[in-house]
Amino acid sequence: MADMAKLNGVAIKSFLVDISGVLFDNDSEGGKAIKGSVKALQRLKESGFKVLLCTNATDMTRTALVDKLNDLGFAVCEEMIHNPTPICVDYLKRNGLQPYLMVHPDTLCEYEHLDTSNPNAVVLGDAPQQFNYEMLNKAFQILINSQSHLITLGLGRYYRYGGGLVLDVGPFAKALQYATSIEPVVIGKPSHEYFASALGRLGALADETVMIGDDIVSDIGGAQACGMRGVLVRSGKYTQSDEDHHYVKPDLVVNNFEEAIETLFHSSSSN
């Protein structure tokens, strides 16, 4: 391992890295790599660290996401991506559920082996075109009649897109929860299951792992609740108020992903 990393005096061996808002932004058509992020990710990989790219984004398949990242200059493969869809499919199969899918049309192929003929569960993903009254009301009727599972692929409040902040899936999940009194099953950040699954894939220990993200609750809070350390970047959906959050306190706040890696490596070399 050419480089060593430390945070608060603890050696770091594994990294979980958010994608949108950390590696690239969505302020331009097709996205744009954030300055320094391509080289920073390459440095992590060349130094021998365990790295997993952890995202709640479900508006495209993992294959399409890998293609997008590679087009932006990141040399990644599908095995490096950790998103909620495969976890959700496994959950549906294990529980014998037939879902009503409010997911992006481009990702329906990932659910093609499931029976959806008589829905007794609702799955919410990144599908803004689906969140209209008619479809939300249909989801409500399925839930209120079956008292079954409300499953959401994340619980984010908002994200940055096209130069501004836009609603994420979380507010729609909370609206259905309010209407039905059904607690949503969160498959994705900030759930413990999502982060435990990521650690399991890496064969990593929580106290030797850092999560780098732009979401103070889903990225930083979720990781810290699982025993990891959290580094907040001032890019993506970050707002100044995140640094004064009432219950999530990042272990480190930096301007961007490149600075996060440089700071962690420097902390190691100075000890």
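User: What's the strand order in the open sheet of 4 strands?

Analyst: This is a predicted model, and in it the order runs S8-S9-S10-S13, with parallel pairing.

User: OK, and which strands stand at the edges?

Analyst: Those are S8 (99–102) and S13 (185–186). Each has a single partner strand, so one side of each is left without a neighbour in the sheet.

User: How many bridges join S9 to S10?

Analyst: There are 4 bridges between S9 and S10, and the two run parallel. As one example of who faces whom, alanine 121 sits opposite histidine 149 in S10.

User: Now S11 and S12. Parallel or antiparallel?

Analyst: Antiparallel: S11 (residues 158–161) and S12 pair over 4 bridges. Tyrosine 159 has valine 166 in S12 as its bridge partner. The two strands make a hairpin with 2 residues between them. In that turn, glycine 162 has a positive phi of about 60°.

User: Let's switch to S6. How many of its residues are buried?

Analyst: 4 of its 5 residues are buried, so to speak for strand S6 (residues 50–54) as a whole, the strand is mostly covered.

User: And which strands does S6 pair with?

Analyst: S3 (residues 14–17) is joined to S6 by 4 bridges, running parallel. S7 (residues 81–82) also pairs with S6 in the parallel sense, over 2 bridges.

User: Helix time. Which residues of H5 are buried?

Analyst: In H5 (residues 170–180), the buried ones are Gly170, Phe172, Ala173, Leu176, Gln177 and Thr180. Looking down the axis of H5, these fall within an arc of 165°, so they line one face of the helix.

User: What do those buried residues pack against?

Analyst: They pack against strand S9 (121–124), helix H4 (133–146), strand S10 (149–152) and strand S12 (164–167).

User: And what follows H5?

Analyst: Serine 181, with a positive phi near 65°.

User: You mentioned H4. What does leucine 136 touch?

Analyst: Leucine 136 lies in H4. Leaving out residues up to four places away in sequence, leucine 136 touches Met102, Phe131, Phe172 and Leu176. Phe172 and Leu176 are among the buried residues of H5.

User: How far apart are leucine 136 and aspartate 90?

Analyst: In sequence they are 46 residues apart, and in space the C-alpha to C-alpha distance is 24 Å.

User: On to the holes. How many cavities of 30 Å³ or more turn up?

Analyst: A search of the whole structure gives 1. The largest cavity has a volume of about 50 Å³.

User: What lines the largest cavity?

Analyst: Arg157, Tyr158, Asp214, Asp215, Ile216, Lys237 and Asp242. By class that lining has 2 nonpolar, no polar and 5 charged residues.

User: And the second largest pocket, what's its volume and lining?

Analyst: Its volume is about 150 Å³. The lining is Leu155, Gly156, Arg157, Gly170, Pro171, Lys174, Pro190, Asp215, Val217 and Ser218. H5 and helix H7 (216–225) are the elements that give two or more residues to it. H5 has the largest share, with 3 residues.

Methods
Residues are numbered from 1 along each chain as its sequence is written. This is a predicted model: local features need pLDDT of at least 70, side-chain atom pairs count only at pLDDT 80 or more; totals for chains, interfaces and linings use all residues. Side-chain values use heavy atoms; hydrogens and water are left out. On a 1 Å grid over the protein atoms alone, a cavity is a set of points where a 1.4 Å probe fits but cannot get out, and a pocket is an open set with protein on both sides within 12 Å along at least five of seven lines; lining residues have an atom within 4 Å of a point. Grid points are joined across faces, edges and corners, and a volume is the space filled by probe spheres set on the points. Ala, Val, Leu, Ile, Met, Phe, Trp, Tyr, Cys and Pro count as nonpolar, Asp, Glu, Lys and Arg as charged, and the others, Gly among them, as polar. Buried means under 20% relative accessible area, exposed over 50%, partly exposed in between (1.4 Å probe, protein chains only). The arc is that of the directions from the helix axis to the C-beta atoms. Contact means heavy atoms within 4.5 Å. Two strands pair if DSSP finds at least two bridges between them.
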